[in-house]
Amino acid sequence: KATVSNDGATILKLLDVVHPAAKTLVDIAKSQDAEVGDGTTSVILLAAEFLRQIKPYVEEGLHPQIIIRSFRRATELVIWYLYYCWLCYDLIDALGDLNRGF
């Protein structure tokens, strides 16, 4: 049976994955599909890029907990930066309201 689709979730459901890392990617995509209903391909591409970036560190023997700690710290920094951007946007919007006289 042949299936033609550009939907990542549909394609992943048809795969019989054996490799542990690939299974993790499929699980991530399934979670994304269950929670949001879209974005499975984006999630796979993002997670695959994360894996590609950490591969040299794993090959050097860096402990996985250090890698995980680094990802968590990076997540904290991104959240802080997004919050900062939101505050700046909110301030600019408020200043625009003042200039328009509300």
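Which residues does T3 touch, not counting those up to four places away in sequence? T3 touches T10 and L14, where contact means heavy atoms within 4.5 Å. T3 is found in the segment before α1 (8–14); helices here are DSSP runs (H or I) of at least four residues, numbered from the N terminus.

The model is predicted, so local features need pLDDT of at least 70 and side-chain atom pairs count only at pLDDT 80 or more, while totals for chains, interfaces and linings use all residues. Residues are numbered from 1 along each chain as its sequence is written, and side-chain values use heavy atoms, without hydrogens and water.

Relative accessible area sorts residues into buried (under 20%), exposed (over 50%) and partly exposed (in between), with a 1.4 Å probe and protein chains only.

| Residue | Relative accessibility | Class |
|---|---|---|
| T3 | 42% | partly exposed |
| W80 | 54% | exposed |
| Y84 | 42% | partly exposed |

W80 and Y84 both lie in helix α4 (residues 64–100), four residues apart, about one turn of the helix. Rings of Phe, Tyr and Trp (its six-membered ring) pair if their centres lie within 6.5 Å, and planes under 30 degrees apart count as stacked, over 60 as edge-to-face and the rest as tilted. The count comes to three aromatic pairs. The W80 and Y84 rings have centres 5.5 Å apart and planes at 10 degrees, so this pair is stacked.

Definitions and conventions: Helix = DSSP H or I, 4+ residues; strand = E, 2+ residues; numbered from the N terminus.
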